[in-house]
Amino acid sequence: MRIPENHPRAESLRIRERLVECLRRGIVVEQGLIAHGRGEAFDYLLGERTTIYAREAIRASVAMMLLADNPVISVNGNVACLCAGDVVRLASLINARIEVNLFYRSYEREKAIEMLLKEHGASMVYGVGDRASMSIPELMSERRRVDRDGIYSADVVLVPLEDGDRTEALVRMGKKVVAVDLNPLSRTAKSATITIVDNITRAMPLMVETAKWLKDEPRDRLNEILRSFSNARNLEASLAVIRGSVDDMYVEREREGREGGR
Ligand code: ATP
Ligand code: MG
């Protein structure tokens, strides 16, 4: 479908088209499309732009991943579809492993995602097939299965688009978790160590840029960035942006009402 350039939601419609195409190619599942829709609603309220608070969270999370011994980036269907190239670029800049981890697991889909990541330059992809032989304790879904050399032994895990149960379970295992989630009220957002409240399509390229200029910084400087960051405060600030945009909508409606009554 051709999307008119001047459509107010042109970018959002292009992303939808991309997800539908990935559904046809067996990378994304139907449930992934619905999950994306829930995210879109929050993005609408955020003004479909990266806030300064998301930028702060991005800086802190890149610092945390650079300080990590074993950082891992967890990839599901939507993440692979929307930012495979940036996942590979970020992994190489911060020296992280990439693991495929699916809620609706199938070997075919794991292979399709692995292939897509390899097309974008990944040399090794963890978590595919029998590699995912370890379990995250207390989790029931197929998503509990992880790679011994990937998420299982990671100290910091980046989970762009994660479910609350799993985020909580990873934190209970003692891991530091970085989540990208447009909903500052989700369990994922609340339980992650650092939450980036932004669309992954905007956040991932920014993480790559941030990694380029932070990767040669001394560890002291990275620690300082981390120390000055508070996830609770950052989430509050993102929520305030949403509250502010809802307030603006009320003001706008009242103004229109008054003008209409004149
Ligand atoms: P939780 O399990 O954390 O309580 P949830 O059950 O409401 O949250 P899930 O269905 O597990 O949500 O995951 C969907 C969430 O993923 C959406 O609410 C949204 O915030 C987030 N999401 C979806 N697409 C994107 C995207 N492109 N960028 C960032 N976040 C997204
Ligand atoms: Mg959920």
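Reader: What share of the contacts in the protein comes from residues 24 or more positions apart?

Author: Contact here means heavy atoms within 4.5 Å. In this predicted model, residues 24 or more positions apart account for 66% of the contacts with a separation of 6 or more. Local features need pLDDT of at least 70, side-chain atom pairs count only at pLDDT 80 or more, and totals for chains, interfaces and linings use all residues. Residues are numbered from 1 along each chain as its sequence is written, and side-chain values use heavy atoms, leaving out hydrogens and water.

Reader: Thanks! How many helices and strands are there?

Author: Helices (H or I, at least four residues) and strands (E, at least two) are DSSP runs, numbered from the N terminus. The protein has ten helices and seven strands.

Reader: At what angle do helix 3 and helix 8 cross?

Author: Axes are lines fitted to C-alpha atoms, for helices over the stretch in contact, and angles run from 0 to 180 degrees between N-to-C directions. Here the axes of helix 3 (residues 52-67) and helix 8 (residues 200-214) cross at roughly 55° and come within 9 Å. Helix 3 is therefore oblique to helix 8; oblique covers what is left after under 35 degrees (roughly parallel), over 145 (roughly antiparallel) and 65 to 115 (roughly perpendicular).

Reader: Which residues make that contact?

Author: Among them are I58, V62 and L66 of helix 3, with L206, M207 and W213 of helix 8.

Reader: And how much of the protein is buried?

Author: Buried means under 20% relative accessible area (1.4 Å probe, protein chains only). Of the 262 residues, 50% count as buried. Along its principal axes, the C-alpha trace spans about 70 × 45 × 35 Å.

Methods. Chains lettered and ligands numbered in written order.
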